[in-house]
Amino acid sequence: MKKQNVTIYDVAREAGVSMATVSRVVNGNMNVKPATREKVMEVIKRLDYHPNAVARGLASKRTRSVGVLIPDITNAYYSGLAQGINDIAAMYKYNIVLSTSEANEDSTRGVVSSILSRQVDGLIFIGHALPERVAEEVKRSRTPMVLADDADPAGSFPVVSIDNEAAFAEAVEHLIEEGRQRIAFVGMKEQMANEDNPRYAGYLKALKNHNLTTDDTLCYEAERLNYDNGYEIAQQLMENNVDAAVVVDDELALGILNAFQDQGIAIPEAFSLITANNTKLVGMSRPEISSIEPPIYDIGAVAMRVLTKLMDNDEETTETVYLPYRMIYRETTKS
């Protein structure tokens, strides 16, 4: 037999108080006599009453929920960001509505629309590029949003990230100092379609500083940030005599590394590799992969903290918060 839901009316009747009093107790309002509070709490426990979060949200115009859009929860980098977001959300008593999206604009728009329809108080967007139409939809909804590890060329939303332009420029500079001449950039399509994208801009900046040019045989589009896609791209790198690569994702980089080794190409003597996220994968590979090291957990945590301030109207900002990064050179580079 299906259990009948206990309502706030049932609690009020059983405790002999008004529904407003029950509501004040549930919401932690201290303007209730201790004896009354104790009586109401006893009834809540006995009846196993669980407040309806949706109804409470309609009354307060707050749902205490935050939407988080993530490209791939199985990716170690994105799951690390999500952990930082979740921990700070729990600290401030927000629930997370976690959704994933394919790496295309139509899918992203559909997922964001679905999240917004749940009346979330705020949104955190994680990815490599915020589609313009998605940004417009969020602005129309007046929902506060923070971008984690993303870029917003329009400057409409606050961003929490590392200085990816500086990091990628530093990585390419290191490869040039090793004597590499044909250095590839391996990233998502939306990154290479926009020279304002920080990662791609850093790559181009370093090449320009050394009078090295880039062409179609040095830019490689990843359809998915996964091992298999990296392995496939490696075949193209070999065919085009690429002698080094900077890669936006560790799993992608691992696929490239193993493909080169399967062909008997010496690493780093004949080919150097630097990846971007320094997840546990880079230390599990043989040889270990050189990497930019962003503070993954902290990016997620700070993004959530910035969002709490926006939702509470504590501050209005669209500024970028840069967290420090490190370069860690391992066995896939010469030094």
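Visitor: What makes S10 and S12 a pair, and in which sense do they run?

Guide: The model is a predicted one. Two strands pair if at least two bridges are found between them. S10 and S12 are joined over 3 bridges, in the antiparallel sense.

Visitor: How many strands form the parallel sheet, and in what order?

Guide: This open sheet also has its strands listed as 6, in the order S2-S1-S3-S4-S5-S11, and the pairing is parallel. Its edge strands, strand S2 (95-100) and strand S11 (320-322), each pair on one side only. Neighbouring strands are turned by 20° against each other on average, direction ignored. Helix H14 (residues 296-311) packs on this sheet, touching S1, strand S3 (122-126), strand S4 (145-148), strand S5 (159-161) and S11. The direction of H14 makes about 170° with that of S4.

Visitor: How do you know that strand S1 is paired with S2?

Guide: The threshold is at least two bridges, and 6 bridges join strand S1 (residues 65-70) to S2. The two strands therefore count as paired, and they run parallel. Ser65 stands opposite Asn95 in S2, and Leu69 stands opposite Ser99 in S2. The chain passes from S1 to S2 through helix H5 (residues 76-91), in a right-handed β-α-β crossover.

Visitor: Why is Gly67 called buried?

Guide: Buried means under 20% relative accessible area. Gly67, placed in strand S1, has 0%, so the residue is buried. Beyond its neighbours within four places in sequence, Gly67 is in contact with Val97, Ile115, Val120, Gly122, Leu123 and Ile124.

Visitor: Is Asn277 buried or exposed, and what is the ground for the term?

Guide: Asn277 has a relative accessible area of 4%, which is under 20%, so Asn277 is buried. Asn277 is found in the loop between strand S9 (272-275) and H13. Its contacts beyond four places in sequence include Tyr77, Asp249, Ser291 and Ile292.

Visitor: What makes Arg199 and Asp149 a salt bridge?

Guide: The term requires a side-chain nitrogen of Lys or Arg within 4 Å of a carboxyl oxygen of Asp or Glu. For Arg199 and Asp149 the N to O distance is 2.9 Å, so the pair qualifies. Arg199 is in helix H10 (residues 198-209) and Asp149 in the loop between S4 and S5, 50 residues apart. Both Arg199 and Asp149 are buried.

Visitor: Why is the pair of Arg330 and Glu288 also called a salt bridge?

Guide: Their N to O distance is 3.9 Å, and the limit is 4 Å, so the term applies. Arg330 lies in the segment after strand S12 (326-328) and Glu288 in the loop between helix H13 (281-284) and strand S10 (290-293), so parts 42 residues apart in sequence are tied together.

Visitor: What makes Glu288 partly exposed?

Guide: The class lies between 20% and 50% relative accessible area. Glu288 has 26% relative accessibility and therefore counts as partly exposed.

Visitor: How many salt bridges does the structure hold?

Guide: The structure holds 9. Among them is the bridge between Arg180 and Glu178, at 3.8 Å, N to O. Glu14, Glu42 and Arg46 are linked in a network of salt bridges.

Technical notes. Residues are numbered from 1 along each chain as its sequence is written. This is a predicted model: local features need pLDDT of at least 70, side-chain atom pairs count only at pLDDT 80 or more; totals for chains, interfaces and linings use all residues. Side-chain values use heavy atoms; hydrogens and water are left out. Helices (H or I, at least four residues) and strands (E, at least two) are DSSP runs, numbered from the N terminus. Axes are lines fitted to C-alpha atoms, for helices over the stretch in contact, and angles run from 0 to 180 degrees between N-to-C directions. Contact means heavy atoms within 4.5 Å. Buried means under 20% relative accessible area, exposed over 50%, partly exposed in between (1.4 Å probe, protein chains only). A crossover is right-handed if, with the strands pointing away from the viewer, the path from the first strand over the helix to the second runs clockwise.
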